[in-house]
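Let us learn to read one feature together. Take a look first, then we talk.

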Amino acid sequence: MRVLQFLSEQAVDFEPLVHPPAYTAQKRAKYLHVSGKQIAKSVLLAGPGGYVLAVLPATRQVDTAALSRQRGGPVRLATDEEIGEIFQDCEWGVVAPFGALYGIETILDDSLSPESWIVFEANTHAEAVRMRCRDFEELEKPRRLSFAKA
């Protein structure tokens with residue numbers, strides 16, 4: 001399901017943003033003239049029990065060692081092939097932040113305030129969405145954890 005379609009059906013406040021193709025979160029921030037702290041990146045991870053989708057500020061990195069301890073086994077970044085298999089309705093390399101739409105648990109880093117505005121990639125490298133983090137949480141119901149490092 002397309003992210004913009006899903007959000008419209010949920011009657012949630014969001015702003016669709018179109019920009020030149022951006023293959024990194026930093027480029028997306030530049031094109032949209034927003035701070036990298038507002039860009040929420042989605043990272044597919046593989047670990048005990050299968051895949052998990054991590055959503056965190058673009059200015060931070062997933063601490064796989066911390067997540068491995070929290071999840072009770074090794075956690076690694078998913079391969080490009082694994083991402084392509086799961087996110088088949090997205091352009092190659094795009095990871096949408098709504099794991100529930102793909103049958104995957106979503107975790108959200110504690111550093112993202114519920115009151116903050118977040119911008120994330122939709123289904124293509126040229127589409128983004130701006131919405132309140134609290135609205136994202138109401139829809140997705142992610143588990144909040146501390147797993148990002150500077």
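This is a predicted model: local features need pLDDT of at least 70, side-chain atom pairs count only at pLDDT 80 or more; totals for chains, interfaces and linings use all residues.

Q: Which parts of the chain does the pair link?

A: Arg-2 sits in the segment before α1 (3-9), and Glu-127 in strand β8 (residues 127-132). They are 125 residues apart. Helices (H or I, at least four residues) and strands (E, at least two) are DSSP runs, numbered from the N terminus.

Q: What counts as a salt bridge, and how many are there?

A: Side chains of opposite charge can pair when their charged atoms come close. The rule asks for a side-chain nitrogen of Lys or Arg within 4 Å of a carboxyl oxygen of Asp or Glu. The count is 10 salt bridges.

Q: What does Glu-15 pair with?

A: Glu-15 meets Arg-130 at 3.0 Å, N to O. Glu-15 lies in strand β1 (residues 15-18) and Arg-130 in strand β8, so the pair ties together parts 115 residues apart in sequence.

Q: Is Glu-82 buried or exposed?

A: Buried means under 20% relative accessible area, exposed over 50%, partly exposed in between (1.4 Å probe, protein chains only). Glu-82 is at 12%, so it counts as buried. Its salt-bridge partner is Arg-76, with the closest N and O atoms 2.9 Å apart. Arg-76 is partly exposed, at 40%.

Conventions: Residues are numbered from 1 along each chain as its sequence is written. Side-chain values use heavy atoms; hydrogens and water are left out.
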